[in-house]
Amino acid sequence: MNQSPFEAIVVGSGATGGVAAMTLAEAGVRVLVLEAGPDLTPRKAMGGEPGNSIRRLEGLIGGTHRRQAQHPGYWKQNPLLYIDEQKHPYSHPHQRPFLWTRGHQVGGRSLTWGGITLRLSNREFKAAAEDGHGSEWPIDYDDLAPHYTALEQLLAVHGRRDGLEQLPDGWATTALPSTKEEEAFASKVQRELGFPWIASRGFEQPYKNQKAAWPRSSSTGSTLKRALATGLVEVCSNQMVEKLVIAPGQDRATGVIAVNLSDGSRCRLEAPLIVLCASTIQSLRILLNSEEQHCSEGFRDPSGRLGQYLMDHVSSCRFFAIPAQSDVINPAPLSGAGSFFIPFGPCLEGTRSVNFLRGYGLWGGINRFDPPEALKRQSHSRLGFLIGHGEVLAQAHNHVSLSTQTDRWDVPIVHIDCRWGLNEEAMVEHMQSTMKQAIEAAGGEMRPLQDLVHMPLIEPLVAGSAALASGAPPPGYYIHEVGGAAMGSDECTSVVDRWNRLWRCPNVLVVDGACWPTSAWQSPTLTMMAVTRRACQQAIKGGND
């Protein structure tokens with residue numbers, strides 16, 4: 001690989017894009033990173049008050065963030081980090097909504113990542129062998145274990161060793177302390193119900209006085225930063241990749257066509273290796289626009305499955321009040337590591353009868369987001385929440401396709417058709433019952449958030465939000481979408497091979513969530529990063545083994 005000026009093009013600069021650029025550059029490869037959004041300073045990206053609140057109102061009233069505002073994360077972040085939905089439209093069937101959250105800026109959605117780092121186990125990688133549904137991953141836990149460890153060490157995540165089969169232990173610094181209310185909750189659900197409980201694993205919340213620095217959980221503060229330090233990486237912002245350029249023999253890509261979002265001009269950029277890290281649905285958009293069915297000179301997908309088997313975590317949320325265990329309110333903010341899990345996964349035998357496949361976990365926090373006492377409807381209590389993360393089965397009818405409609409740059413938009421099935425509906429019913437059981441065992445009172453807190457200014461804005469709904473929010477809500485270009489062991493049943501290479505165009509790697517054959521139940525970002533590191537190391541080494 002001696003082509004000048006670039007030997008690899010990485011599409012996207014978020015969690016996986018940063019890992020791809022770092023892995024390649026630290027091996028001596030010259031890398032061009034293409035990012036559809038602008039290159040922001042840390043201060044502009046993080047923003048501050050009252051500016052962020054004003055921008056939220058503008059986004060809601062003007063319609064630029066109406067779908068993305070459904071997610072609670074929108075209300076914690078600078079709205080500048082969420083895409084303008086009017087400039088970047090997509091479609092879905094009217095009766096089957098999909099909430100697609102995007103971040104077009106250098107660093108991508110890693111700038112708004114919640115920061116939970118959970119490993120997958122072989123119960124997820126090989127689930128199909130146990131229950132007969134769908135496909136297995138063509139890799140197993142041992143294939144990713146060294147990459148998990150390398151990334152955890154690099155990122156210095158917090159956690160502890162819990163010894164659970166369904167959630168492999170990783171490398172971690174000391175776990176962040178739990179609140180007194182979380183400790184009481186854990187004691188009761190473990191003793192009275194026999195439920196597993198762990199302090200969450202991941203990142204602490206960045207200090208508010210560090211506005212001039214990128215958070216370590218972002219690619220700009222970790223992996224992309226290291227990649228740039230090699231001197232072998234160039235980041236080109238405001239460049240949205242439209243499609244791959246495929247050689248006449250249709251067996252390799254020679255480069256990409258990128259659209260300058262500032263002026264609409266197009267350019268052709270070439271390199272012998274292309275790594276797609278644009279995020280699940282955006283990578284599918286690029287692939288679909290580059291495939292033979294939509295482009296006569298495009299690559300071939302022998303499986304016919306490109307765009308199919310889209311998944312997201314099915315979720316449900318419950319708020320509750322619990323007796324205060326101390327006079328300290330909000331001793332530590334909610335974060336990826338400053339929270340807890342009841343990590344059932346597929347090990348649900350000790351709960352109630354299970355009438356669905358796969359499993360789920362419950363993420364929670366208590367006394368980490370309490371308002372002043374004057375705004376509480378129940379004094380001397382602390383607020384808590386539980387949110388279920390449920391694995392969604394891969395189904396062919398859940399898919400992404402290209403619409404006949406184009407955006408303002410004349411690029412086809414995506415049409416997303418995804419819905420929950422009977423398995424997900426049964427899982428949500430089970431997780432809601434389990435949440436109720438845990439809250440009651442801990443002496444809490446489960447109530448809608450608006451019955452626990454006075455919200456005089458924002459209640460009209462959040463009253464119809466998906467987070468406060470009694471049932472499961474629609475697909476896309478949890479921002480954990482995966483699938484559509486599944487990896488596998490046979491080109492007739494998968495889009496990429498076990499090294500994340502397109503079967504008929506092997507110098508194109510698909511390493512973000514698009515390559516997932518199943519959704520698992522754990523937060524996916526760390527696994528996406530591990531998959532990326534493994535695939536890029538193999539691309540450097542070459543060969544098929």
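The radius of gyration is taken over C-alpha atoms, and the globule rule sets it at 2.2 Å times the number of residues to the power 0.38. For the 545 residues of this protein, a compact globule would have a radius of gyration near 24 Å; the protein has 22 Å, so the value agrees with the rule. The model discussed here is predicted.

**Overall form**

Along the principal axes, the C-alpha atoms fill a box of roughly 70 × 50 × 45 Å. The secondary structure comes to 13 helices and 17 strands. Among contacts between residues at least 6 apart in sequence, 72% join residues at least 24 apart.

**Surface and charge**

Of the 545 residues, 60% count as buried. The protein exposes about 20800 Å², and carbon and sulfur atoms supply 50% of that area.

| Item | Value |
|---|---|
| Positive side chains | 50 |
| Negative side chains | 55 |
| Distance between the centres of the two sets | 4 Å |

**The site around His480**

His480 is found in the loop between helix 12 (459-462) and strand 16 (501-502). Buried means under 20% relative accessible area. His480 has 13% relative accessibility and therefore counts as buried.

Leaving out residues up to four places away in sequence, His480 touches Met311, Asp312, His313, His389, Ser523 and Pro524. With one of these, His313, there is also a polar contact: the side chains of His480 and His313 meet at 2.8 Å.

Terms used
Residues numbered from 1 in each chain as written. Predicted model: local features only at pLDDT ≥ 70, side-chain atom pairs only at ≥ 80, totals over all residues. Heavy atoms only, no water. Helix = DSSP H or I, 4+ residues; strand = E, 2+ residues; numbered from the N terminus. Buried < 20%, exposed > 50% of the residue type's maximum accessible area, 1.4 Å probe, protein only. Contact = heavy atoms within 4.5 Å. Areas by Shrake-Rupley, 256 points an atom, 1.4 Å probe, with all protein chains shown as cover. Lys, Arg positive; Asp, Glu negative; His and termini not counted. Charge placed at Lys NZ, Arg CZ, Asp CG, Glu CD. Polar contact = N/O pair within 3.5 Å; in protein donor to acceptor, adjacent residues only side chain to side chain.
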